Amino acid sequence: MSRLALYIIDDDPQSVSLLTEYADHVDMDVHAFNSGEKFFQQVDPNTENGILILDLYMPEMDGIEVLNELVKKGPVLPIILITGNDTSSLRSASMLARAYSLDIIASIVKPIRLDYFKNIIEEYLQEQSISQ
């Protein structure tokens, strides 16, 4: 069986490096993009199998714009929202995404701890195996 993919959209190289290291702990293949534009150029979120980690604050196409584009494309990957900023923007983005029926697994403020990340991924995978 192939490993589950972890798609990361984040313009912060340190955050991407940390999440890539964490993905190894949960046996996932990482595909990192420093912008939403690059993600959409290379990935079809309707056909891929995996989880998307999306930073809300990025130059050019921010996380909200990525969410809007995902809504236009139809059913998409489950999403973990992340930010290094305040939790109110994270809550607002999460509520907006859920209002558009996007599958938000978690909303996390950076820095992300390994144990917390592993728990989120493992709980999600367990839920998926039960529902199948």
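Leucine 6 has valine 30 as its bridge partner in strand 2. The model examined here is predicted.

Strand 1 (residues 4-9) is largely enclosed by the rest of the structure, because six of its six residues are buried. Each of them falls under the 20% limit of relative accessible area. In a regular strand, side chains alternate between the two faces of the sheet. Cover is present on both faces of strand 1. Leu4, Leu6 and Ile8 are buried on one side. Ala5, Tyr7 and Ile9 are buried on the other.

Strand 2 also holds alanine 32. Its relative accessible area is 40%, so alanine 32 is partly exposed. That value lies in the range between the 20% limit for buried residues and the 50% limit for exposed ones. Alanine 32 and proline 13 are 19 residues apart along the chain. Their C-alpha atoms are separated by 9.6 Å.

A further surface feature is a patch of negative charge. Asp103, Glu122, Glu123 and Glu127 gather there. Aspartate 103 sits in the loop between helix 4 (87-99) and strand 5 (104-109). Aspartate 103 counts as partly exposed because its relative accessibility is 37%. Membership of such a patch requires over 30% relative accessible area and no salt bridge.

How values were computed: Residues numbered from 1 in each chain as written. Predicted model: local features only at pLDDT ≥ 70, side-chain atom pairs only at ≥ 80, totals over all residues. Heavy atoms only, no water. Patch = residues over 30% accessible without salt bridge, like charges linked within 9 Å, V, L, I, M, F, W, Y side chains within 5 Å. Areas by Shrake-Rupley, 256 points an atom, 1.4 Å probe, with all protein chains shown as cover. Salt bridge = Lys/Arg side-chain N within 4 Å of Asp/Glu carboxyl O. Lys, Arg positive; Asp, Glu negative; His and termini not counted. Charge placed at Lys NZ, Arg CZ, Asp CG, Glu CD. Helix = DSSP H or I, 4+ residues; strand = E, 2+ residues; numbered from the N terminus. Buried < 20%, exposed > 50% of the residue type's maximum accessible area, 1.4 Å probe, protein only. Pairing = 2+ DSSP bridges.
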